[in-house]
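Student: I am new to this structure. Can you walk me through how to read it?

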Amino acid sequence: MSENRAATRVLVLNSGSSSVKYQLLDMSDSSRLAVGLVERIGEETSRLVHTPLTDGGEKRERTAPIADHDAALKAVAEELAADGLGLDSPELAVIGHRVVHGGRHFTEPTVIDDAVLAEIERLIPVAPLHNPANLTGIRTAQALRPDLPQVAVFDTAFHTTMPESASRYAIDVKTADEHRIRRYGFHGTSHSYVSRETAKLLGKDPSEVNVIVLHLGNGASASAVRGGRCVDTSMGLTPLEGLVMGTRSGDLDPAVIFHLMRVGGMSADEIDALLNKKSGLIGLCGDNDMREIRRRVDEGDEQARLAFDIYIHRLKKYIGAYYAVLGRVDAVAFTAGVGENAAPVREAAVTGLEELGLAVDSELNATRADGPRLISPEYARVAVAVVPTDEELEIARQSYALVTPARTENGNA
Ligand SMILES: Nc1ncnc2c1ncn2[C@@H]1O[C@H](COP(=O)(O)OP(=O)(O)O)[C@@H](O)[C@H]1O
Ligand SMILES: CC(=O)OP(=O)(O)O
Ligand SMILES: [Mg+2]
């Protein structure tokens with residue numbers, strides 16, 4: 001570490017099944033120094049987009065194939081170094097990793113050691129798309145900076161407050177306990193951040209408000225948050241349950257699986273791939289990007305229309321269910337790629353729910369803006385809001401607070 005400059009930078013890595021999103025932040029003022037994305041890892045068409053946000057920095061793109069997450073992270077390290085923001089900088093305080101599945105064990109951000117790595121590895125069977133990528137990200141980062149603390153921030157942590165009535169499946173208790181089968185929930189960092197930002201938008205303390213958060217990205221989940229604590233969420237043992245997603249089916253009768261095995265002759269792995277990668281919007285209409293689906297709907301494409309309607313129907317059911325779970329709802333918050341950008345999704349999801357106090361003002365809904373904003377008309381009993389999520393900032397804050405507790409207590413973080 002340099003003698004007279006505090007290490008205030010945090011590198012955040014969000015490794016998905018075929019992508020890595022990253023941000024370098026300076027926690028002295030929560031500013032971003034660089035952001036980027038590596039996508040289509042393992043394919044011929046891999047792409048790295050790197051944007052330095054320092055003075056004079058310009059967005060750069062690499063399109064050479066990137067074989068795996070290890071190579072992806074090394075390419076990211078090279079891009080950062082080219083801007084004088086390399087991982088060898090003494091100003092780097094910590095590397096924060098999004099880890100999707102933390103089981104029941106991890107209820108807080110955690111400094112990573114061998115035991116933590118072993119536990120993340122043990123959970124691979126319940127997060128096969130995510131935990132292996134998270135592990136590679138951690139190991140590569142450790143190899144690049146063995147001296148630096150690495151912190152895991154778990155998607156499941158925020159949901160550990162769910163009561164057993166919501167987190168248990170109605171199956172034989174002994175079998176469930178033996179195999180640790182329960183509902184864990186995911187996207188927790190986003191649900192936590194967005195529910196707090198929504199309270200702020202309403203000018204209230206999180207402990208005073210009940211919020212339904214709709215995180216609609218490629219993966220999508222809903223949560224019911226009472227006074228700042230999660231009481232129910234739509235994803236379960238794995239990120240497959242719940243809403244219709246880009247490539248995942250969400251809820252279905254479990255007997256569909258036995259049927260596909262017995263009658264369709266499919267293996268467990270084939271069905272796993274079908275439900276996780278070839279279902280949801282892409283399975284219904286061949287596209288998983290909501291922009292493309294809306295374009296097709298506007299052109300009168302029936303298949304895209306049906307996919308959209310199924311997506312909305314499921315979303316609406318969850319809004320109703322969580323309304324009932326909470327009893328009183330102060331706000332419904334839309335977030336993530338679809339929730340923040342797709343006005344037709346927001347409008348369709350609350351249409352017909354006027355009796356519940358929910359409505360969207362078409363003009364406010366269609367207006368684009370950067371920060372959190374209300375889109376409900378003034379008369380509506382329940383606030384409907386668009387609240388951009390910021391998983392990376394939240395991961396940076398939590399990671400930084402964990403390795404510099406004294407400084408954060410003094411309010412300098
Ligand atoms: N302008 C837009 N209109 C509609 N949908 C959008 C728009 N921009 C992004 N999206 C949707 O957001 C999705 C990605 O959301 P994001 O939260 O980044 O997902 P993830 O983190 O799961 O990769 C895209 O697949 C696309 O469907
Ligand atoms: C847990 C999960 O579904 O994550 P993502 O949306 O990043 O795929
Ligand atoms: Mg996401």
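**Reading the ligand shell, domains and helices**

Tutor: Keep in mind that this is a predicted model. Start with the shell around ligand 2: its residues divide into three nonpolar, six polar and one charged.

Student: Which residues surround ligand 2?

Tutor: Gly16, Val100, His130, Asp155 and Phe186 are among them. The list also includes His187, Gly217, Asn218, Gly219 and Pro239.

Student: How is the chain divided into domains?

Tutor: Domain 1 covers 9-154, and domain 2 covers 203-391. Their centres, taken over C-alpha atoms, are 27 Å apart. Six residues from domain 1 and five residues from domain 2 make the contact. On the domain 1 side, four are nonpolar, one is polar and one is charged.

Student: Now the helices. At what angle do H2 and H3 pack?

Tutor: Helix H2 spans residues 114-122, and helix H3 spans residues 131-144. They pack at about 155°, with their axes 9 Å apart.

Student: Are H2 and H3 roughly parallel or roughly antiparallel?

Tutor: Angles over 145 degrees count as roughly antiparallel. H2 and H3 are therefore roughly antiparallel to each other. Their crossing is left-handed.

Student: Which residues of H2 and H3 meet?

Tutor: From H2 come Leu117, Ile120 and Glu121. They meet Asn131, Asn134, Leu135 and Ile138 in H3. By class, this contact has four nonpolar, two polar and one charged residues.

Notes:
Residues numbered from 1 in each chain as written. Chains lettered and ligands numbered in written order. Predicted model: local features only at pLDDT ≥ 70, side-chain atom pairs only at ≥ 80, totals over all residues. Axes fitted to C-alpha atoms, helices over the stretch in contact; angles between N-to-C directions. Helix = DSSP H or I, 4+ residues; strand = E, 2+ residues; numbered from the N terminus. Parallel < 35°, antiparallel > 145°, perpendicular 65-115°, else oblique. Left-handed = near helix turned anticlockwise from the far one by under 90°. Contact = placed C-beta atoms within 7 Å. Nonpolar A, V, L, I, M, F, W, Y, C, P; charged D, E, K, R; others polar. Domains from an automatic or database assignment. Near = placed C-beta within 6 Å.
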